[in-house]
Amino acid sequence: MKVGFYSPLPPARTGVADYSSLLLSALRAVSTGDDVEVNAANADVNLYHIGNNQLHLEIYRQALERPGVVVLHDAVLHHFFLGTLSEAEYISEFTYNYGPWTEDLARELWRRRARSAADAQYFRYPMLRRIAQRSRSVVVHNPAAAAMVKQHVPDAVIHEIPHLFQAPELPPPYDVIRTRQQLGVPAQTFLFAVFGHLRESKRLPAILRAFHRARQSASMTLLISGEFASTDLARSLEPLLQAGGILRAGYAEERDFWLRASVVDACVSLRYPTAGETSGIAIRLMGIGKPVLLSAGCETARFPDSACIKIDGGMAEDQMLTESMIWLARYPSDARVIGERAAEHIREFHNPQRVAKLYWKALVPTSPVFGADR
């Protein structure tokens, strides 16, 4: 049997490309003779990786033309359509999802689309009906994404498969110590970090406010590692970024990413509004034993409370985040325990072999189970 594999792959600078490269290897490693071919012209079943940026446009079109199994890395595709369709096409797609009586709403959302990255209203309409209806089945990474698919197509076949984690070859301790010294972070100072594409939904204003308050009560530094998705966002945050205790670093290639990840003591990975996504960066940091502060919600419901720190949204966010940062900085031994529990959880449920077996079940439901998949 041949499986067609459609996804951005490295050197594309996306988390989906990195994930897909690892999954491709894992699928081939547990295969019992079945073939997995990238961009196969002819295959028995195709696996399509769909995200909300333009790298996925042709993949999305092929998934509609030749239905197969779709992986929704973002369960909110609204922004994808805003970036790929004309006004008339967008309104047609919106009303296909939510009924002809929503045409006026669609026109208003199109008119105000410049604010779509931060406006929660755009995240309330994932626009999944067409892809979920056409596909044999849909793969998601968390219960929130599964609920979004079910809302649009109640009889869709949905497979919730954990986000894959491949343990990396970490840098030697002397490199970690040297890098920390180069950053100017003393050994007794707790180092937090935010990684990845810095977009509005990552809650940077809230993180920076909480950090500057927490810094008055404990010794800490915050590394912001990544590129801003918006010059307006970068400009609006400039006063907070210049207020002291902040380190800036741009996009990191794979080796540098793992070096920075090894250097930090904890990661902050918040999301609001959410798009039904599971943070690959959070999985990576948890996998190497770092405590991660996550936004509480269905997206993070599968992570044990003892293996991460969940921050409530809304009015409680600032206070919970501030108090959590102070706690970790004052009691680094607690932080290490949380990190150890995180690594145990990721090793058990997110390891490549287990995840690949679950994918094979989704791709070939009638095939034998490749061993236990607990």
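**Sheet, helix packing, cores and salt bridges**

Strand S7 (residues 190-195) pairs with strand S8 (residues 220-225) in the parallel sense, over six bridges. Two strands are taken to pair if DSSP finds at least two bridges between them, and helices (H or I, at least four residues) and strands (E, at least two) are DSSP runs numbered from the N terminus. The structure is a predicted model, in which local features need pLDDT of at least 70 and side-chain atom pairs count only at pLDDT 80 or more, while totals for chains, interfaces and linings use all residues. Residues are numbered from 1 along each chain as its sequence is written, and side-chain values use heavy atoms, with hydrogens and water left out.

Phenylalanine 195 has serine 225 in S8 as its bridge partner. The open sheet is formed by six strands in the order S9-S8-S7-S10-S11-S12, with parallel pairing. Its edges are strand S9 (246-249) and strand S12 (309-311), each of which pairs on one side only. On average, neighbouring strands of this sheet are turned by 25° against each other, direction ignored. Helix H14 (residues 317-330) lies across S7, S8, strand S10 (266-269), strand S11 (292-295) and S12, and runs at about 155° to S12. Axes are lines fitted to C-alpha atoms, for helices over the stretch in contact, and angles run from 0 to 180 degrees between N-to-C directions; contact means heavy atoms within 4.5 Å.

The largest nonpolar core has 37 residues, and Leu72, Leu77 and Tyr90 are those with the most contacts inside it. A nonpolar core is a set of buried Ala, Val, Leu, Ile, Met, Phe, Trp, Tyr and Cys residues joined through side-chain atoms within 4.5 Å. Buried denotes under 20% relative accessible area, exposed over 50%, and partly exposed in between (1.4 Å probe, protein chains only). With its neighbours within four places in sequence left aside, tyrosine 90 is in contact with His78, Phe81, Leu82, Leu85, Ala106, Leu109, Trp110 and Met127. A second, separate core of 31 residues includes Leu237, Ile246, Ala266 and Ile309.

In H5, the buried residues are Ala106, Leu109 and Trp110. Because they cover an arc of only 100° around the axis, these residues lie on the same side of H5; the arc is that of the directions from the helix axis to the C-beta atoms. The covering of the buried residues of H5 includes helix H3 (78-84), helix H4 (87-98) and helix H6 (120-123). Exposed Asp104 and Arg111 are carried on the face of H5 turned away from its buried side.

The count of salt bridges comes to 21, a salt bridge being a side-chain nitrogen of Lys or Arg within 4 Å of a carboxyl oxygen of Asp or Glu. Arginine 111 forms one with glutamate 108 (2.6 Å, N to O). Both residues lie in helix H5 (residues 103-111), three residues apart, about one turn of the helix. Arginine 111 is exposed, at a relative accessible area of 57%, whereas glutamate 108 is partly exposed at 29% relative accessibility. Another salt bridge joins arginine 235 to aspartate 232 (2.4 Å, N to O); this pair lies in helix H11 (residues 231-241), again three residues apart. Arginine 235 is exposed, with 55% relative accessible area. The salt bridge between arginine 271 and glutamate 277 (3.3 Å, N to O) has both of its residues buried.
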